[in-house]
Amino acid sequence: MPDVENQPKRLNRSAGTTSLESSTGSKVTAGLLKRLLSLFTDHDDVCFWQMSLVDGGLQFPDNAPDFFHCDRADLPTAVTEWLRRIVIAEDRSKVSSLVSSLNAKSTYIPRFSFRIYDKDGNVRWIEQRGAATGTGANSQMVWLSQDVTEKLRTADALDVTNVTLQHIRDTAEVGMIMLDSRGEFTYCNPAFCSMLALQQDALIGTPISHLLDDPTGHGGSRKLARLFRGDERSFQGECTLIGRDGKRVSTESNLWLLPTPPGAPSAFFGMVTSIEERLNALALLRQERDTLRAVFDNADFGLVLADAAGNVTTLNAVALEIFGLRDTSEIPKRIPNLKRYYACYSPDGQEVPLAQWPLFRAARNDFVRDLDLVVVRKQTGDSRYLRYTCTPVFDANGQKRLVVCSVADLTEIRRLHEALSQSQRLEALGRLAGGVAHDFNNVLAVIAGNLELIADAVPDERVSARVAAARDAAETGMNISQRLLTITRRRLPHRKRVDVASRIRAMVDLIERTLGSAIQLKLDIQVSSAFASLDPGDLDAAFLNLVSNARDAMPKGGVLQISLQLVSSPLGKAENRDEKTREEIVLSVRDTGSGMSQKTLRMAAEPFFTTKPAGKGTGLGLTGVYVFAQDSGGRVEIESRLGSGTEVKVYLPSLEPVNEIGETLDDTEIPLGSGQTVLVVEDDELVREVTCERLLRLGYRVEQADSGDAAIDLVNNGMVPACVLSDIEMPGELSGVLLAIKLQEVLPNCKTVLCTGYYDPRLNGRERKEMSKLTILSKPYSLKELATAVHGALTGGSEGTDK
Ligand code: ADP
Ligand code: MG
């Protein structure tokens with residue numbers, strides 16, 4: 001047993017196959033070995049070499065320098081040197097202890113391995129086994145060394161791959177399964193188990209079909225059966241699997257047939273992903289979309305959506321209504337086309353060019369907030385007062401996706417607002433005018449009454465002409481005061497059943513001559529009669545106002561068309577349209593004159609609004625028309641375009657025609673009294689005197705009192721008048737109305753006629769009720785009106801009574 005570590009160095013320069021002969025001493029052995037060696041020397045990764053078990057001397061074949069990565073001259077000659085120079089330090093003691101245990105009886109040394117360095121310093125793995133041959137001084141080890149570095153490298157790689165795959169399988173979030181030819185689980189990864197909340201043990205051996213929730217067969221089980229029968233090579237689809245406690249899990253599954261050796265049973269690999277989250281997200285999205293849709297559809301303001309360029313894509317129901325469209329298919333396809341359908345104005349009447357419409361401003365990234373515009377539909381002339389808020393909407397990348405426009409229709413609110421502020425103005429005006437009117441009326445009544453009385457008594461024609469002129473002037477004054485009182489609603493309208501058609505015909509006869517030759521009159525009254533409940537004087541005034549406005553609008557002439565017709569219109573929007581209609585009288589006055597701008601049109605009915613030069617216009621005409629229409633239960637519509645004329649339509653509720661005799665008999669005789677006593681109660685002395693004088697003429701006996709209290713005193717002292725004619729507004733405790741109430745108590749048969757210059761809206765409920773039962777005579781009144789009222793009261797009629 002050689003002491004390999006401490007062998008004396010004996011460098012054999014002629015190391016090689018030739019030296020085998022001399023060291024073995026046996027020609028047969030040497031020749032055999034030589035041939036054997038030559039078998040291996042061609043292989044780079046194998047080296048066949050000898051080591052003397054006596055002195056540790058070494059003999060190498062020709063490929064040894066390549067195999068051990070050293071120069072031929074540097075090949076070690078003794079085993080100790082081999083150990084030190086060839087084997088790397090870490091493996092040296094392991095190899096050294098093995099080698100020192102060898103002796104001639106070590107017939108076979110099983111494979112062991114160690115590492116060496118190549119010339120570049122890389123580690124190479126050597127596997128080596130050996131056997132002892134020879135005896136005595138010839139006893140030696142024959143080593144077979146093999147470089148197994150490459151072999152190990154591939155084995156290592158395979159190992160890594162396996163470990164990696166296992167890692168992926170175990171940690172993947174996607175479910176991975178393997179099934180045998182019958183579709184039973186042979187493997188499932190943790191992700192799959194947790195997806196169904198089932199244990200792996202419980203799954204192995206279970207057929208996948210048991211997990212399928214597929215009552216119809218369309219949920220994957222038929223397709224899977226085809227896969228296991230071998231009709232298909234793969235499966236892909238959505239299927240619902242049943243997990244623990246029957247929990248359903250929607251999945252997307254992919255299964256493939258695995259390559260197997262011929263004759264081996266088939267096996268399948270599958271990847272299963274839960275799509276629960278995706279479906280939930282989808283459901284959530286759907287829900288969100290439905291919510292948004294509901295908001296969109298049910299919003300009580302208009303919503304318009306457009307693409308980034310401003311092309312309108314969708315409108316909600318309110319917006320469709322606002323813009324007069326039946327559905328979204330009617331949206332004009334091209335933006336410039338919009339101008340054919342709509343015109344847009346600022347509230348002060350300036351036309352807004354297309355590029356400045358709020359939608360297009362927002363499309364240019366301008367945020368439009370609470371912008372008021374008047375939009376006119378050109379086809380119908382329908383105009384709306386709209387408030388716009390428009391914003392461009394950007395996505396997460398800052399890319400503009402759409403433009404959202406909300407549109408509030410303020411038309412009705414504005415109308416109400418205007419009506420309210422107008423009525424407030426009228427209220428204020430009325431308070432002022434009402435106060436003046438009372439005195440003014442009394443003055444006029446005195447003048448007119450006195451003139452009336454002296455007219456008959458004047459023999460001189462020249463004087464009587466003057467008197468007539470004075471009466472005319474007083475009449476004009478009365479007209480103005482009437483008009484003022486009408487529009488301020490301080491005069492009680494004397495409504496009665498009037499045939500509007502014949503009234504207008506009569507008025508047309510009057511105006512025809514005043515129009516002048518430049519204006520062509522066209523009359524279109526298709527009905528023979530049209531009855532309405534209204535104050536005929538107000539009707540005349542309204543009609544004259546309209547005609548004079550039309551005439552003023554056509555200084556160079558034109559066509560004035562006056563038409564009257566009966567139309568049926570639906571009673572209310574929500575009502576049953578087929579059943580509930582009402583007849584309306586439509587009086588239309590149309591001219592081909594200057595027309596009005598949007599701004600003028602909006603202001604036209606304002607009291608005192610006029611565009612006419614001072615002295616020509618009062619600004620009370622259209623206001624009067626509006627008030628008249630409202631008082632008569634009707635309405636007014638004005639259509640006007642600058643440069644192309646104006647049409648004003650007055651709608652009045654029509655009354656059923658009744659064939660009453662005397663309906664149109666206006667010129668009845670003045671009814672006279674027959675000596676009945678009339679007590680005149682009036683604080684204004686002049687008025688009282690004139691009234692008394694008139695009543696005397698009419699054939700009554702007259703008594704007088706200057707206040708309500710004085711009148712009661714007279715009655716308490718035994719006077720029994722048949723009728724009391726009293727002013728409403730009087731100084732003292734008792735107003736006319738209270739006097740009437742009191743008289744009712746003491747003299748139930750005594751009739752009361754109240755005179756008033758204006759109607760006081762501050763009357764309380766009882767007074768109002770009382771008034772409605774009484775005969776009201778509106779100041780100033782003519783002799784005939786006085787006669788009719790007193791006679792009516794005494795005979796139980798209701799002439800002059802406000803309805
Ligand atoms: P006035 O006639 O005293 O001016 P109105 O109330 O009758 O008062 O009319 C108010 C304004 O409305 C007029 O000044 C005029 O500008 C306008 N207007 C009324 N009717 C017409 C019409 N037929 N054509 C053109 N403008 C009109
Ligand atoms: Mg006018």
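**Close-up 1. Cys 47 and Ser 145 across the pairing of strands S1 and S5.** In this predicted model, Cys 47 stands opposite Ser 145 in S5, and strand S1 (residues 46–52) runs antiparallel to S5, to which it is joined by seven bridges. Helices (H or I, at least four residues) and strands (E, at least two) are DSSP runs numbered from the N terminus, and two strands pair if DSSP finds at least two bridges between them. Six of the eight residues of S5 (residues 140–147) are buried, so that this strand is mostly covered, where buried means under 20% relative accessible area, exposed over 50%, and partly exposed in between (1.4 Å probe, protein chains only). Residues are numbered from 1 along each chain as its sequence is written, chains are lettered from A and ligands numbered from 1 in the order in which they are written, and side-chain values use heavy atoms, with hydrogens and water left out. Local features need pLDDT of at least 70 and side-chain atom pairs count only at pLDDT 80 or more, whereas totals for chains, interfaces and linings use all residues.

**Close-up 2. The hairpin of strands S4 and S5.** Strand S4 (residues 123–133) is antiparallel to S5 and is joined to S5 by eight bridges, with Thr 133 opposite Gln 140. Six residues lie between the two strands of this hairpin, and in the turn Gly 134 has a positive phi of about 75°.

**Close-up 3. Two loop residues with positive phi.** Most residues other than glycine have a negative phi. Asp 245, although not a glycine, has a positive phi of about 55°; this residue lies in the loop between strand S8 (234–242) and strand S9 (248–257), and Asp 245 is exposed because its relative accessible area is 78%. Asn 365, also not a glycine, has a positive phi of about 70° and lies in the loop between helix H13 (358–363) and strand S14 (368–377), where its relative accessibility of 39% makes it partly exposed.

**Close-up 4. A nonpolar surface patch that includes Val 123.** Tyr 117, Val 123, Trp 125 and Leu 152 together have about 320 Å² of accessible area in this patch, the areas coming from the Shrake-Rupley method with a 1.4 Å probe and, for residues, only the protein chains shown counting as cover. Patch residues have over 30% relative accessible area and no salt bridge, with nonpolar side chains (Val, Leu, Ile, Met, Phe, Trp, Tyr) joined within 5 Å and like charges within 9 Å; a salt bridge is a side-chain nitrogen of Lys or Arg within 4 Å of a carboxyl oxygen of Asp or Glu. Val 123 lies in strand S4 and is partly exposed, with a relative accessible area of 34%.
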